[in-house]
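Here is a short briefing on one protein model.

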Amino acid sequence: MNRGKLTVARRVTLTLAALVALVAGFAIGGPFTLVVTAECLAVLALVLVLARTPAGVRERGVPRAAAWARAAWSRLRRRRRPPAEVRSADFPAYAKISSDLGWAPVSQWHYDHGIRPLFGRLLESVLAERHRVDLARDPARARDLVGEDIWPLVDPSRPSSFDSKEPGADLPTLTRIVDRLEQL
């Protein structure tokens, strides 16, 4: 018998065996057992196909079953991309604001040269957008809207301090300023 006829005979035998298994499963347990039998045959077919692939067993010194299982698992497993790295260099404005907020309580100089200009720009934007008030033309109206307790801390016309020994605005004060800007 030549090799081609033997392969055909094996395929016919496997097909008949699968059909007999399916019919027996249906006869014994009904539709549910038929589905379970079909799934088992599909898994068996997958195992046989993966075992016959050339890359299935390439590792030396590893038992054949372990090498096959590792190769099968690597083919079936989803490839995951590594999570994207977020670097502070990607967000320089955020890094500067974060740094300025950290230094604001240290001294009046740090507050006046770091965070106060940012608060001034935010105040100018909020007043123009929500209240139609130009901060440069109508500072009295801006002071009324912001409040007397917060105005000295955000007043853009106040000269910047060069005193590095006087403490700056502490965290509760910074929080009050941000809350007031959000309320405007």
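Buried residues (under 20% relative accessible area, 1.4 Å probe, protein chains only) make up 22% of the 184 residues. The model is predicted: local features need pLDDT of at least 70, side-chain atom pairs count only at pLDDT 80 or more, and totals for chains, interfaces and linings use all residues. Residues are numbered from 1 along each chain as its sequence is written, and side-chain values use heavy atoms, without hydrogens or water.

**Fold and surface**
- The protein has 8 helices and 0 strands, taken as DSSP runs (helices H or I, at least four residues; strands E, at least two) numbered from the N terminus.
- Contacts are heavy atoms within 4.5 Å. Of those with a separation of 6 or more, 55% join residues 24 or more positions apart.
- The accessible surface (Shrake-Rupley, 1.4 Å probe) is about 13,900 Å², with 62% from carbon and sulfur atoms.

**Nonpolar core**
- A nonpolar core is a set of buried Ala, Val, Leu, Ile, Met, Phe, Trp, Tyr and Cys residues joined through side-chain atoms within 4.5 Å.
- The largest one has 21 residues; Tyr 111, Phe 119, Leu 123, Val 154 and Ile 177 have the most contacts inside it.
- Two or more residues each come from α5 (108-131), α6 (139-146), α7 (151-154) and α8 (171-183).
- α5 gives the most, with 7 residues.

**Backbone detail**
- Arg 132 lies in the loop between α5 and α6.
- Arg 132 is not a glycine, yet its phi is positive, about 55 degrees.
- Arg 132 counts as exposed (over 50%), at 74% relative accessibility.
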